[in-house]
Number of protein chains: 2
Amino acid sequence: MIKPSIPKGTRDFGPVIVRKRNYIFQTIREVFELYGFQPLETPAMENLSTLTGKYGEEGDKLMFKVLNNGEIFAEAEKATNNKELVSALSEKALRYDLTIPFARFVVMNQNDLAMPFKRYQMQPVWRADRPQKGRYREFYQCDADVVGSNSLLNEVELLLIYDTVFSRLGLQGVELRVNNRKILYGLAEVIGKTDLLTDITISIDKLDKIGAEGVRKELSERGLSTEDINTIEQFLAIDGSSEEKLEKLRNLLKDSPTAQKGIEELAFVLNSGYTSYNSIPVVDVTLARGLNYYTGMIVEVKAPATVKMGSIGGGGRYDDLTGLFGLPGISGVGISFGVDRIYDVLEELKLFPETAQQSTRVLFLNLGEANARAAFGHVQALRNKGIAAEIYHESSKMDKQMKYADKRGIPFVAIIGESELQENLVSIKNLQTGQQEKIAAATVADFTF
Amino acid sequence: MIKPSIPKGTRDFGPVIVRKRNYIFQTIREVFELYGFQPLETPAMENLSTLTGKYGEEGDKLMFKVLNNGEIFAEAEKATNNKELVSALSEKALRYDLTIPFARFVVMNQNDLAMPFKRYQMQPVWRADRPQKGRYREFYQCDADVVGSNSLLNEVELLLIYDTVFSRLGLQGVELRVNNRKILYGLAEVIGKTDLLTDITISIDKLDKIGAEGVRKELSERGLSTEDINTIEQFLAIDGSSEEKLEKLRNLLKDSPTAQKGIEELAFVLNSGYTSYNSIPVVDVTLARGLNYYTGMIVEVKAPATVKMGSIGGGGRYDDLTGLFGLPGISGVGISFGVDRIYDVLEELKLFPETAQQSTRVLFLNLGEANARAAFGHVQALRNKGIAAEIYHESSKMDKQMKYADKRGIPFVAIIGESELQENLVSIKNLQTGQQEKIAAATVADFTF
């Protein structure tokens, strides 16, 4: 018999991990709901026609396709190359992100939705990336988006959601970095190379990885002149407070009306007069975000500097996402939480509260039939009061039963031995302190487990 | 452009439905936790070697296989028939149920688990069944199982879980029907045809659908004599209270020690002295349950007779499930909730509580910049108090804003017009009663939305 295993890049989540993950999901969900976002769930499989071409060539390659059921042999024989074969054998693929299914849903349900439609979605996605530390083939995305509104109030609220979630998670020192794609467009405009906007954006996006020299080299290879590159470097070198940065941008990009609009959008978001942030977002002109569909504010969340983790969330405004499915002119803005990385950060900083692990509070030992019946009555009474309780499944050695409690991390053990049974008492042992006390059987339901 | 659609047999769940479904999941999860069950999540994809052959031929056919990534053309060319082709192109499949992945998990983690291991799991599974009313290609299963214990206390607790969940859901008239596979085995033993146990079980399982005459015909086709069939019909005709049925079974199957054991197991479960049930399980000798791996008590939950729905849950005891993966001798018992059907039943009987729909409680209208800023302050204060609140995203016609509140089902609208702003008041309108009142701005956070 082959030793059982799971596909590479996938994970089992045992009880301890599920509970911790649920603590994160629940915290985020509560905040989404407070801000009026509504839950959506879409199928794991989408038609290939919905997904193909939406994530670039790379995406088409990394998508997990589902084999058609039934007889496929004859179909396969007709194919003359790999591409034909795949399209002959498969018409569905696994969800690759939550954004495209969301856009598809909006288009299919446009007449029933109250606009603006504020939705959140927390579901797994699948990508055939090469598995490595921190990168999985099945992972959860956790998104909130608003479509059907151009109001910058949405940007403000989404930043507040980040702010609130991380503060509720007890995560201090999180940095919200913001930029605006209109500013990047303006930069390309000022040097007269708007056709190279994507190349410029992609190069800037790599600044962290390849450094200023690397960016310079790449830009030069992509056909930018020394003068162009100098302007871009001037742009990337902008520093100071957020206000100072915006002021410098106003000057440097004064010839681009688009950039000016982007700058004013950022200024509004940073200091709208509507609210104040716990941790104030900072302008980062080097922030580009790889994905192409952004057109307005973009945001990235950096984990506290004390942990080496990088981005734990990001998002931005996009125009016309639903245009892909025939419904043009609907603007949207959204954010995403990187749950796996947030998990690692909370773990490293020991920020999971004990309550996130709360499971069975007390195990009643099973010490013979009459004793077990008495114990079971208490167990049921506690459960009715909302306290998770168990009775050991069989009357076996006390030692074995204690080990079960220990292995499960159950904090209290209740004992009804012969003397307790006769005297109508229950012995309760706190496994953390080792302290043991006898209480009247009638008061068990009032004990603080 | 093609009108977007989703694969047949799959569903989008919009906000209203997600909330109702979550109400069911949450109710079940809470009860599982009270009984000391622990959450487990396994990957959507399993290795084909894990799943193949575990669900019969039918299952192998209905499994959704995932196409290998990369170049598959050369591999495909080598295949000479459908079966070879599928196995050349695919090494993973989507989860088909939660039981086999659970068994696989137990075997892989046997050294780390506290035994008995009580786990629950609520995840989608995928089957390429022909879609029809109430049957989907993606649907959730919701299971609780205990492995590593032969104690009948587990059966008692699982029946109590059913009892508690349905009582918390407000669902009255649910019937828990129980039987024991040892009794069915005993029946085959008494007529000397244990080799035909599966055939007998499958025929009895169809009694509801094909009637007594149909069963008789099928059994005869399967090679049973008239005398055998008479005994089986005597067995199926057993009636009376559960106690009376058990007594009649003791007599009819007196020559089968296995049957006697099954009868005593049922007697214990029905009246263990440990507890009393809200709705007492009833013995149903005609209950067989199709799946083959059961070896002890089996249970099926019937929806209240007032709704035509049939089974909304089921389970039973099985031996040696983990033996499939090389870990023999571990007995288990489990139950499952049919969430889609429970949803339909609660909908039909209008049993979803209003709180299951709770979303945004109050919408603040957006009536100009200064007004909106004042409103936003209230919105944030309410959110900080845990009350979901929204401000309309832009200053537009009041009528349009009211329509949004209405379409979203938001119960209250708060208005800060010019006079309210000057007098430091807020008008609050209850959209259900139409009642409107003005309150001091400082008291908004204390208003009962």
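**Salt bridges and burial**

Reply: Glu265(B) is buried, with a relative accessible area of 9%. The model is predicted: local features need pLDDT of at least 70, side-chain atom pairs count only at pLDDT 80 or more, and totals for chains, interfaces and linings use all residues. Residues are numbered from 1 along each chain as its sequence is written, chains are lettered from A and ligands numbered from 1 in the order in which they are written, and side-chain values use heavy atoms, leaving out hydrogens and water.

Me: Why is Lys182(B) called buried?

Reply: Buried means under 20% relative accessible area, exposed over 50%, and partly exposed in between (1.4 Å probe, protein chains only). Lys182(B) has 17%, so the residue counts as buried.

Me: What makes Glu265(B) and Lys182(B) a salt bridge?

Reply: A salt bridge is a side-chain nitrogen of Lys or Arg within 4 Å of a carboxyl oxygen of Asp or Glu. The closest N and O atoms of Glu265(B) and Lys182(B) are 3.0 Å apart, and the pair forms a salt bridge.

Me: How do you know that Asp199(B) and Arg222(B) meet in a salt bridge?

Reply: Their N to O distance is 2.7 Å, and the side chains meet in a salt bridge.

Me: Why is Asp199(B) called partly exposed?

Reply: Asp199(B) has a relative accessible area of 22%, so the residue is partly exposed. Arg222(B), with 27%, is therefore partly exposed.

Me: How many salt bridges does the structure hold over all chains?

Reply: The structure holds 69 salt bridges over all chains.
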